[in-house]
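Reader: Could you walk me through this model, starting with the general picture and then moving to the details?

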Amino acid sequence: MARAQSPAAGTTIQTDGQPDGARAARGPATPRLHRLADRIETLSALDPVGDRLAAAVRATVRPGRLKGLMSGSWLGHPVHPVLTDMALSAWVSAALLDVWGGEETAPAADRLVAAGIAAAVPTALTGMTDWGDTVGGARRVGLVHAAANSAALTLYSASYGMRRAGRRRAGLALGFGGAGAVLAGAFLGGHIAYSRGVGVNQTAFEEALTEWTPVLDESELPDGQPVRARTPDGVELLVLRRGTEVFALSNRCTHRGGALHEGEVDGDVVTCPLHGSRFCLRDGAVVRGPASAPEPAYETRVREGRVEVRLLEIHRERAA
Ligand code: FES
């Protein structure tokens, strides 16, 4: 924000006319909507409902093919945001036609409302699966996000019914209500992803170890048992020795940051202890979701009794 000096008192004044002191007393200048989402994060009254629902979702969609399909293991990132774009764009386009179109565009607007309803169903299902693995503030905001989107779906379904019944005015009013609800839901969805990092590859900001880096003594590696190691710069790794082979992956699960060294190892695969994603120890590939991003994987060597690691070439290319 631009600033100006008050000639009388020499006090720094914001150009909106408020002295720094008044703004400081109100707390940091966080946008109001963001503060509202932050407030929802603290609403522990939502927990009894949220925790029960999340447990029911996890019990219904267990780690396996269906969960991987719905979470985006086949796509390389979560499916839910792709589907939200489809529902949202159809409904927003319908609203624009309702406002600016005429009689001749009414059938197109109605079809867009129907398309949004059709897209909303898989969108809700994939969102619910992702939400089932959240905790704390993200779970609370996610619950309100789901409520807003459910309200939007109900309003648009009623709107479509009214349009089909020839009650256009009522159909438009319900549609505008749906647009308001879906935009509120979209804001909260954005908050979950961009402020809480849900759905983001949890290793995205990890330092890329493109040069050989010592991580621990070979003598610290028991055979067949995963060990947590740390580079001098603080990157955590899972290191596993099996016979003469040494494997190394980032220790932070790409899904929600579970500690992989606490997971079970079966052959060339490690299972995350939090939500059951499985990764190949050799190249970090996702063997089973809900994780959608592969785990950074390292080649290893032993020099003077120290185990050294370097990102596999395929991961170095990604990091470049
Ligand atoms: S943190 Fe969810 S599967 Fe690892």
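Author: Buried residues, meaning those with 20 or more other C-beta atoms (placed from the backbone) within 10 Å of their own, make up 38% of the 320 residues in the protein chain. This is a predicted model, in which local features need pLDDT of at least 70 and side-chain atom pairs count only at pLDDT 80 or more, while totals for chains, interfaces and linings use all residues. Residues are numbered from 1 along each chain as its sequence is written.

Reader: What is the mean pLDDT of the chain?

Author: The mean pLDDT, which is the predictor's confidence in each residue on a scale from 0 to 100, is 89 for the protein chain, and 90% of the residues reach 70 or more. Over residues 1-19, however, the pLDDT is below 50, and this stretch has 18 contacts in the model beyond near neighbours in sequence, a contact being two residues whose C-beta atoms, placed from the backbone, lie within 7 Å.

Reader: And how many helices and strands are there?

Author: The protein chain has 9 helices and 12 strands, taken as DSSP runs numbered from the N terminus, with helices being H or I over at least four residues and strands being E over at least two.

Reader: How far does α7 reach from its first C-alpha to its last?

Author: Helix α7 covers residues 136-164, and its 29 residues reach 42 Å, close to the 42 Å expected at 1.5 Å a residue, where the expected span is 1.5 Å times one less than the number of residues. After α7 comes G166, which has a positive phi near 85°.

Reader: Which residues touch the most other members of the largest nonpolar core?

Author: They are W91, A94, V113, A152 and Y156, out of 28 residues in that core; a nonpolar core is a set of buried Ala, Val, Leu, Ile, Met, Phe, Trp, Tyr and Cys residues joined through C-beta atoms within 7 Å. At least two residues of this core come from each of α5 (80-100), α6 (106-132), α7 and α8 (168-195), and α7 gives the most, with 10 residues. Apart from this core lies another of 25 residues, among them L209, V215, V235 and A293.

Reader: What does V113 touch, leaving out residues up to four places away in sequence?

Author: V113 touches W91, A94, Y156, S159, Y160, R163 and G175.

Reader: Is L172 buried or partly exposed?

Author: L172, whose place is in helix α8, is partly exposed, because it has 19 other C-beta atoms within 10 Å, and that class lies between the buried limit and the exposed one of 12 or fewer.

Reader: Changing topic, what is the strand order in the open sheet of 6 strands?

Author: The order is β3-β12-β11-β6-β5-β4, with antiparallel pairing, and two strands pair if DSSP finds at least two bridges between them. β3 (213-217) and β4 (227-230) stand at the edges with a single partner strand each, so one side of each is left without a neighbour in the sheet.

Reader: How many bridges join β5 and β6?

Author: Strand β5 (residues 236-242) and strand β6 (residues 245-250) pair in the antiparallel sense over 6 bridges, with L237 opposite S250 in β6. Their hairpin has 2 residues between the strands, and G243 takes a positive phi near 65° there.

Reader: And which residue is the bridge partner of A248 in β11?

Author: The partner of A248 is Y298, and β6 pairs with strand β11 (residues 297-303) in the antiparallel sense over 2 bridges.
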